[in-house]
Amino acid sequence: MRRQKMNFLPHDSAHKHVTGQSVYVNDMQASSEMLEGHVVYSKQAHAKIVSINISEALKVNGVDTILLAKDIPGLNQMGPVVHDEICLADKEVTFIGQAIALIAAKTKKAAREAEKKLKIDYELLDAILDLDTAIEKENRLAPPRKIECGDLEKGFSESDKILEGSLKTGGQEHWYLETQSCLAVPGEDREMMAYSSTQHPSETQAIVAEVLGIQKNEVEVEVRRMGGAFGGKETQANHVAAWSSLLANATGKPVKICLNRDEDQIMTGKRHRTLNYYKVGFDRNGKIHALDVDLNLDAGSSNDLTMAITERAMFHIDNAYYIPNLKVVGNTWKTNLPSNTAFRGFGGPQGMAVIENIIDRIARHLGKDPLEIRKLNFYNEEKENITHYGQKVENNRLQALYKQLTKTSDYSERRSQINQFNQFNRFTKRGIALTPVKFGISFTTSFLNQAGALVNIYKDGTVQVNHGGTEMGQGLYLKILQVAASELGIDPKFIKVTSTNTSKVPNTSATAASSGSDLNGMAVQNAIDKLKSRLSEVAAKVAFNGGSKPENIRFEKDIVFDANNPENNIRFPDLINLAYLNQTSLSATGYYKTPDIHYDKDKGRGKPFHYFAFGMAVTEVEVDTLTGYAKVLRTDILHDVGKSINERIDIGQIEGGFVQGMGWVTTEDLKYDANGNLLNHSPDTYKIPTIQDIPKDFRVEILKNAPNPATIKQSKAVGEPPFMLALSVWLAIKDAISAVGDHQSEPEFSLPATNEVILEAVEKIREGMERG
Amino acid sequence: MDGVRNTVRFILDGKTVTIDFEKEMISPTITVLNYIRSLPKHKGVKEGCAEGDCGACTVVLAEADSNGKMTYRAVNSCLIFLPMIDGKHLITIENLAQKESGEVKLHAVQQAMVDLNGSQCGFCTPGIVMSIFALQKSHVNPSREIAEDALTGNLCRCTGYQPILNAALKSSNGEPDHFTKDEKNISEELSKLNSEPTDILIKTKDQTYIQPKSLKSALKYVSQNPDAIIINGSTDVALKQTKKFELIPKVIDLSAVQELKFFNEDEDQIEIGAGLPLESVKIKLNGKFCAFADALKVFASKQIRELATLGGNIGTASPIGDTIPLLFAYDAKLKIVNQNGERLIRIEDFIKGYRQTDLKAGELIYTVMIPKHQNVKFYKVSKRKDLDISTVSAGFRIGLNNEKVKDICLAFGGMAAMPKRAKKTEAFLLGKAWNENNVEAAMKILKEEFQPLSDARSGKEFRKLAAKNLLLKFYEETKDELSPAR
C-alpha cells in the first residue's frame, strides 16, 4: 500500500468522529453504581449567605449525598494561580453561577428535584456589574502593570497630529460543543481517578488533590479528547473535576458532572471585556511617533489567569507596528461576574483591536487608505525592529505577506470598485480592510515553557507515545504521531499516541498559548533520540556484528541500516526484539524547555517570546445600512506557519480561528440584566457563526518557503494567531459604515459590531449629514 | 381502526422496536435524543444545547410515501418526543458505516468528511454527517445555497465550516448506498407498521400522551381533554421539558394526522394545512409567493422546519413568531374546527395578546388561507441572519390607486407583547402619495408608535430604529414596481 503523504494525513480521530465512535466524558459509564452530580449555584451576584437548609432536599428519592463547604475534606479553594477562588461558597457569594452545594443522585431529575427543595437565604450586597462602575469605585484586582519605551513626551511633541479616544471590546463565550465535564472514580485508599475534559491535566490533578486533602500522587487525571476547549478548559475544567471528585469521595461511587449548556454559559468565565483609552501622535504621513494606552480588563470575581492575559494584551498593543515612544498600562478590575479566563488569543485580540482601530482612525483623519498607514508603520527588517518590551522582531514576514497578499487579493482594484459601488448604492455599502497579525509564541510566564514525554517500544516493534499535551480537536496527537513516525522512520500505523495521563507524564503545562506541538513535539523527539541512540548501539554492535558505527545508523521506512553500508540493515521490529534480548531499555522519557526566553515583569523588559507568528487578511463586506446586517463577501488570508507539519490541520486552524474571531467581532454579544444575570445563556440568544456567515469566497493560503529556525520540524504555532485576522472583518464593516458619510466622518464604533452597533453608527452619521 | 394502542413502534438498527412506556417505566415525552443515548451502542448522537439550536443531536427519520419511495428528513432529536417517530425508520450515526469482511467501510458522506478534514474536535460531527446524509438523499449535486441551508442548523466551533461545506458538495453525487439497496425491505416493513393506523394512548403514573391518527379522533380527544397541550412539531413545547424541566402532564400530538398536512392552490389563494411542516410548505411554494418564501428561507433551520408547522407558529402566538406579521400582511384567514363544525377568522382577530389566541376549548386550527396579494414583503432583523429569532420582523402590504396609497398594512413582530400593526402610521399614509417625503414623515410617526422592550436580543432604541428603517426599505423596494411611469 502506498504511504499517504505524511503532511496531508487526516486527523487521527477523523474516522471515529464521523462514525460517532469517539468517546467523550459524557459517553463514559463507569459502573451501574455511577451517580449524576449536580451543582447548585448562586442566584445572586453579591450577597451574604444567611443560611442553607438541605434537610428537605436530602429526602428526595434517589438523592445520595449533598455537600456544602463544610464537607470539603481539604482546602476550600480552586484558584489556579492565586488561591482566591473558593470551591463552594459558604459565607458570601460574589457572582451568579458560583457553586454553593453539590448534589449526587441516581438521576439528574432527582438532583434537580432536590435543588428545588434546598433553601438558601441571602442578604443582598451591592454588586459591581460593569467596568465603568468598577473603575469608578476603584475596585482593582491588582496594581496596574506598565511597559514603556522611548520618550512619550518627546514623541507627542514631535507629532503633527494627536488623536484621543476610547474603545470597548466585548466578552466572548467559548461555546465549545462539549460542555465542562468530568467523571470521577474513587479507587483504593484515598485514590481518585478523574476523566476530565481539561486542557491542563496536571493542574486539575493538583486542584483535586487540594480539595480532597490528599497527595498529588494519589490523583490520576486522564483526558483522551475534548469536544472543543479554546482556553475555556485551561483553568475552569478544574472546577467540575473538583466538584465531581468531592462527590465521588463522599459517596464512594463514581460521579459524573456534565454541565448542561445553560449552566455552562452561566457559571463559567468568558473572554475579558475591555474598556480602553488611548492617545496617539503621528506625522502628516501617518507615521506613529507616540502612543499612550490605558487598558482596562474586566477580571470578574477572581484572578484566574487575568494577569497573564493583561500582560499579553500589553505585549500586543503594537501588533505589527514599530512605535518608538510607547506607554501601555494594564489595569485589572474586579466585578461580580464569573471570573473571566483564557480564550484563544489570550488578551492579544483585545490589544490588537485597539491599535488596529487607532491605525484606521489615523487613516480616516488623514483621508488615506488605512492600508497605506499600516504599511508605513510595519516593523522593518533591518531597523525599527525592536518592540516596546525590548525584543527584536526577527525573521519578520510582514513585508513578504503584504506584497503577496495585496497582489493575490487584488486589493487596489477592488478598492476602486468598492468606491464606485458605494457611489451608486444609497443604502447598501461595501467596505474592505487589510489587517496584519504578529503574535508572540511562548507562555509569557517563562517557566511554563517546558514539556515531557514518555515513549515506549514494545517487543513487537510497535510504539506508544505519551506526552503532556491534550487533544481538543486541533490535531496535536496527529502532529505528534507524525513527529514520532518520521523520527523513528516507521509507518504511523505502528505508533499509538495515547490518552494524556498524569501518571505517564507528570508536571505538565496547560495545552495553551498555541504551544502544544512546539513543546510536546520537541519532548517526544528528545525521548526518541535517547531510544535511537540505544538502538543504534544494538544495531551496530549486535545486528551488524560490529561492522557499523552507531553514529552511521539510520532509521527509515521501517528499516534500520548503516548509511555508509546499506547492506547492513535490519527490520525495525527485528531490531527491537534483538535489543530486548540484549537487555536494552525500550522506554525513554523526553523533556524540552524553550531556550533563551526571559522577561522581567517589573522592568517590562525582556525576550518573552521564542518567535513570532505572522499572518494577514483582506476582507470585503457588504452592509445593509437600513437593517445593520453585514455580509462577508470575500476573505483572503495568507498565514505564516513556518514549514507546515500538516497542511490540512494548519489550514483547519486558520479557517476555524478566523471564523471564531468573526463571531467575536460581529454577532457574539453578551448582555446582562441589572442584577447581573447573563441574558444570553444559550444558543437561542448567543449567536456564534453558522455556515451561512462564513465568507462567500474564502481563500486561505500558507506562506511558502518560510521555515522557522529552532522549532520542531521548522514549524510554527498556529492555534491562536489566525483568530485575530478577523479584525479585518470588523474594520471592513467600519469602512462600509464610513462610506455612508462618504468617508468624511469617523463612525462611532465598538466591538462586536452587531447590527445594533452598525445601525446606531449609521444613524449618527446620517444625522450629522442632515445637520450639515 | 377503532382500537387504541399504548405502544410505539419504529425501526432502528434494522429491527422493529416496540416500546411499552408503562411497562418499561419510560416517560412518553422522553426525547428521541435521551432515548437513543440510553441505548448501549448509540452514544454517537450528542446533546449540545437541548433546544434545537446546535444540531449535534441530528438524526434522520425515513418514511415511505404511498409509492414506497423513501424520504429522509434530518431532525433535532432533542426536540421530539419518542412517540413522534411511531411508524418511522430512525437512522443514527451508527447506522451509516458498514462492516465489510471485518473492515469498517465508511459511508460516502463520512469518507468525504474524513478526506476533506471536516472534523476537528468531533463533537458536532455526528450531527453534521446526518444532515449531509439527508441532503444527499434528497439532492443530487446541490447548489452551495442548498447545501448551506441543509447545514444551517449545525453549529461547529472548530472548523469554520468551509471543509464541511466542501464535504457536503462532494458527497451529494447521487451514488446509491446501502440504504438505497435496502429501501424495498424497509418500506415494506414500514407499511406493515402503518397499515392500520391506530391511535396511540399512553398513560403512565403522571403523564398522558395521545397521538390520534385522524382529524376525527383528534377533535374527539381535544374536546375530551381541554387541559392537554397540543403539539405537532413540538419545537416550542419541548423546551418546557428540556430547558425548564417542567413535567408536561398531558399531550395531544397531531403529528400523525394526515388531514392536516395538505397544500392547495387556486387562482386567488393558497390553503395550507395547519400540520404541514414548514419545510414542505417551502418546497410546495417553490419560490412563488416571494414574501412567504423569503420568510421561510430565514426561518429557524431545516431540521426545525422539518418539524415545525404553520399551525404551531400561529397557535403559540409568540410576539416574535416569524410568520404571524407576514400573515397579517397577506390578510390570511384561519379555518378553525371542532367536533361540531368549522369557522373562519382573520388572523388579526385570532391573535389576542401575549401568547393568547381566540382558540376555544375543543377547537383546532385546521387550515390557513392566504390570499394571493401582490406587493407583500417580509423583513426580519436578527442578530444573526439565520437560525435566530427576530429582534424585529415585519410583514408589509401596499396597494396604490393613482399613485396614492389606498391599502396598507404594516405589521410588526418584536415591537409589542403581540404581533401588531402600526395603525397610526398606516392612517397617516393612507390616501397620500407613495413617495420619499411621505415615507420619511411616516417613519417619524412609526418610531414613536411602539414602546418595545430591551432584552437579550437588543435594546429598545434599536428596535425603534430598525422598525422605521424597514418602512424605508419597503419603499425603496416597491417604488419601482409600483410606479406606472417605469
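**A closer look at strand E27 of chain A**

Modeller: Happy to. Chain A has 19 helices and 29 strands, these being DSSP runs numbered from the N terminus (H or I of at least four residues for helices, E of at least two for strands). The radius of gyration of chain A is 28 Å, close to the 28 Å that the globule rule gives for 772 residues, so chain A is as compact as a globular protein of that length. That radius is taken over C-alpha atoms, and the rule is 2.2 Å times the number of residues to the power 0.38.

This is a predicted model, in which local features need pLDDT of at least 70, side-chain atom pairs count only at pLDDT 80 or more, and totals for chains, interfaces and linings use all residues. Residues are numbered from 1 along each chain as its sequence is written, while chains are lettered from A and ligands numbered from 1 in the order in which they are written.

Along the principal axes, the C-alpha atoms of chain A fill a box of roughly 90 × 80 × 50 Å. Of the 772 residues in chain A, 61% are buried (20 or more other C-beta atoms within 10 Å of their own; exposed means 12 or fewer and partly exposed lies in between, with C-beta atoms placed from the backbone). Contacts, meaning C-beta atoms placed from the backbone that lie within 7 Å, tell us about sequence reach: in chain A, among those between residues at least 6 apart in sequence, 79% join residues at least 24 apart.

Next come its partners (two strands pair if DSSP finds at least two bridges between them). Strand E16 of chain A, residues 428–441, pairs with E27(A) in the antiparallel sense over 14 bridges, and here A:Arg430 stands opposite A:Glu622. E27(A) also runs antiparallel to strand E28 of chain A (residues 629–639), joined by ten bridges. In that pairing, A:His639 of E28(A) is the bridge partner of A:Gly615. E27(A) and E28(A) form a hairpin with four residues between them, and A:Gly628 in the turn has a positive phi of about 85°.

Three strands of chain A form an open, antiparallel sheet in the order E21-E22-E23. Its edge strands are E21 (553–556) and E23 (565–571) of chain A, each pairing on one side only. From one strand to the next the twist averages 30° (axes are lines fitted to C-alpha atoms, for helices over the stretch in contact, and angles run from 0 to 180 degrees between N-to-C directions). Four bridges hold the antiparallel pairing of E21(A) with strand E22 (residues 559–562) of chain A, where A:Glu556 has A:Ile559 as its bridge partner.

Helix H15 of chain A lies across E21, E22 and E23 of chain A, at about 115° to E21(A). The axes of H15(A), residues 516–543, and helix H14 of chain A, residues 476–488, come within 10 Å and cross at roughly 30°. That makes H14(A) roughly parallel to H15(A) (under 35 degrees; over 145 is roughly antiparallel, 65 to 115 roughly perpendicular and the rest oblique). The contact involves A:Leu476, A:Lys479, A:Ile480, A:Val483, A:Ala484, A:Glu487 and A:Leu488 of H14(A). From H15(A) come A:Gly516, A:Ser517, A:Asn520, A:Gly521, A:Val524, A:Gln525 and A:Ile528.

Finally, the neighbouring chain. Chain B has 18 helices and 23 strands, and the contact between the chains takes 62 residues from chain B and 59 residues from chain A. On the chain B side, helix H18 gives the most, with seven residues.

Key
Contact = placed C-beta atoms within 7 Å.
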